[in-house]
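This report describes selected features of the structure shown below.

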Amino acid sequence: MNAFLRDIPKAELHLHLEGTLEPELMFSIAQRNGISLPFESIESARNAYQFTDLQSFLDIYYAGANVLQTERDFYELTRAYFQKAARQNLRHVEIFFDPQTHTDRGIEFETVLNGIYYALKEAKSEFGISSKLILCFLRHLSADAAMATLEKAIFYQDKIVAVGLDSSEIGHPPAKFKTVFDRARQNGFLTVAHAGEEGPPEYIWQALELLKVSRIDHGVRCLEDEKLVERLHRDRIPLTVCPLSNIKLCVFDSIEKHNLKQLLDRGLCVTINSDDPAYFGGYVLENLEAVQTGLNLSRQDIVQLAKNSFTASFLPEDSKQAYLEEIDDFVASFSEVE
Ligand code: HPA
Ligand code: ZN
């Protein structure tokens with residue numbers, strides 16, 4: 001089954017670039033930039049990755065991101081992710097980045113974007129992995145700060161497909177960013193938002209009704225609201241679910257208690273993603289392995305999840321179709337070999 005999970009063509013749609021910073025690279029960039037880290041060693045960094053909730057993770061995640069300063073740093077970070085993605089047969093990725101985490105430290109928006117973008121283009125030619133960028137606003141900061149970030153992004157619309165919302169969810173409802181998202185959509189950006197990870201179903205409703213999102217990031221708390229499940233189903237709104245993240249941040253007690261299988265069985269368009277793989281113990285393949293084992297998923301479930309990852313993407317229709325056919329071909333040839 002592992003070869004099946006590894007080799008089936010798949011996409012990742014919920015991946016924070018800053019969350020791919022493995023301790024080894026964190027230390028090497030820190031040394032190059034003369035920055036001291038709050039960890040003594042690579043090993044003690046990994047040992048510190050014990051979280052009780054979203055905020056306890058975010059504190060460490062922002063501390064790690066402080067080492068990133070130059071275009072080269074952002075390039076190396078992005079490149080390292082694509083090397084991993086290629087080994088797991090990721091064919092398409094939609095990557096979140098948090099410009100405010102960097103511009104608030106005096107790093108130019110362009111430094112961040114250029115470094116990332118160079119690696120995206122290289123990944124397309126080197127690995128054949130296509131990609132899109134999604135700019136996330138930090139929701140613990142003000143709507144005005146988000147608007148100022150959007151004004152920058154408007155100059156680079158050819159490189160950014162959508163805007164999203166991440167960071168501390170509780171106390172920062174989607175409604176806080178309605179005006180920002182209105183302006184983003186008027187300028188042609190698609191929209192997504194983290195909602196219903198720790199926050200209540202009401203935040204998912206707000207993301208749909210006020211921010212007019214195309215997808216919900218996480219969204220696992222939707223099952224608490226039957227009308228909401230019906231709405232997500234009716235409008236085919238995808239949920240980008242991140243199982244290992246949910247366990248690490250104590251959204252569920254264990255993988256066996258995760259509601260992914262229930263979401264699938266309700267016919268929702270759920271996808272499997274790694275969120276912040278350097279911090280949560282695995283990339284897409286490890287997430288698939290965890291749910292396959294923990295929830296006893298069938299091969300048909302896995303195929304559905306892989307297909308959903310393309311259906312839910314922001315790729316053009318013809319590319320989606322081509323990838324779906326690739327999955328069918330893969331499944332047929334894999335069955336022959338067995
Ligand atoms: N939730 C909210 N904000 C985040 C996350 C997450 O899972 N990862 C990185 N920023
Ligand atoms: Zn996330």
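Valine 220 is buried, with a relative accessible area of 3%. This value, like the others in this report, comes from a predicted model. Valine 220 is placed in the loop between strand 6 (215–218) and helix 11 (226–234). When neighbours within four places in sequence are left aside, the contacts of valine 220 are Gly196, Glu197, Val241, Asn246, Val251, Phe252, His258, Asn259 and Leu263. Phenylalanine 127 is 93 residues from valine 220 in sequence, and the two C-alpha atoms are 32 Å apart in space.

## The zinc site

Which residues coordinate the zinc ion (ligand 2)? The donors are His14 (NE2), His16 (NE2), His194 (NE2) and Asp275 (OD), at 2.0 to 2.2 Å. Along the chain these donors follow the spacing H-x1-H-x177-H-x80-D. Histidine 16 belongs to strand 1 (residues 10–16), whereas aspartate 275 is in the loop between strand 8 (270–272) and helix 14 (277–280); the pair therefore ties together parts that are 259 residues apart in sequence.

The arrangement of the four donor atoms is irregular because the angles they subtend around the zinc ion (ligand 2) run from 83 to 175°. For four donors to count as tetrahedral, all angles would have to lie between 85 and 135 degrees.

## Strands and their pairing

Strand 1 is largely enclosed by the rest of the structure, since seven of its seven residues are buried. Strand 1 runs parallel to strand 2 (residues 90–97), and five bridges join the two. Within this pairing, lysine 10 has leucine 90 of strand 2 as its bridge partner.

Strand 5 (residues 190–195) is also largely enclosed by the rest of the structure, because five of its six residues are buried. Two bridges connect strand 5 with strand 4 (residues 162–166), and these strands run parallel. Here alanine 162 has leucine 190 in strand 5 as its bridge partner.

## Nonpolar cores

The largest nonpolar core has 110 residues, of which Ile216 and Tyr279 touch the most other members. Helix 4 (residues 54–65) supplies the largest share of this core, seven residues. Apart from this core lies another one of seven residues, including Phe96, Ala162, Val192 and Phe314.

Beyond its neighbours within four places in sequence, tyrosine 279 is in contact with Glu18, Gly19, Leu21, Met26, Tyr49, Phe51, Phe57, Ile60, Tyr61, Gly64 and Lys248.

Leucine 120 lies in helix 7 (residues 109–127) and is buried, with a relative accessible area of 6%. Its contacts, neighbours within four places in sequence left aside, are Thr78, Phe82, Ile95, Ser131 and Leu133. Threonine 78, one of these contacts, is found in helix 5 (residues 71–87) and counts as buried at 0% relative accessibility. Not counting residues up to four places away in sequence, threonine 78 touches Leu17, Ile116, Ala119 and Leu120.

Helix 16 (residues 299–311) has 13 residues and spans 18 Å from its first C-alpha to its last, close to the 18 Å expected at 1.5 Å a residue. Its buried residues are Asp301, Ile302, Val303, Leu305, Ala306, Asn308, Ser309 and Phe310.

## Residues with positive phi

Asparagine 89 has a phi near 55°, a positive value in a residue other than glycine. Asparagine 89 is situated in the loop between helix 5 and strand 2 and counts as partly exposed at 23% relative accessibility.

Cysteine 250, likewise a residue other than glycine, has a positive phi near 65°. Cysteine 250 occupies the loop between helix 12 (243–248) and helix 13 (260–265) and counts as partly exposed, at 44% relative accessibility. Between leucine 120 and cysteine 250 there are 32 Å in space, C-alpha to C-alpha, and the two are 130 residues apart in sequence.

Terms used
Residues numbered from 1 in each chain as written. Chains lettered and ligands numbered in written order. Predicted model: local features only at pLDDT ≥ 70, side-chain atom pairs only at ≥ 80, totals over all residues. Heavy atoms only, no water. Donors = N, O, S within 2.8 Å, 3.2 Å for Na, K, Ca; no water. Tetrahedral: all angles 85-135°; square planar, octahedral: opposite > 155°, others 65-115°. Helix = DSSP H or I, 4+ residues; strand = E, 2+ residues; numbered from the N terminus. Expected span 1.5 Å × (residues − 1). Buried < 20%, exposed > 50% of the residue type's maximum accessible area, 1.4 Å probe, protein only. Pairing = 2+ DSSP bridges. Core = buried A, V, L, I, M, F, W, Y, C linked by side-chain atoms within 4.5 Å. Contact = heavy atoms within 4.5 Å.
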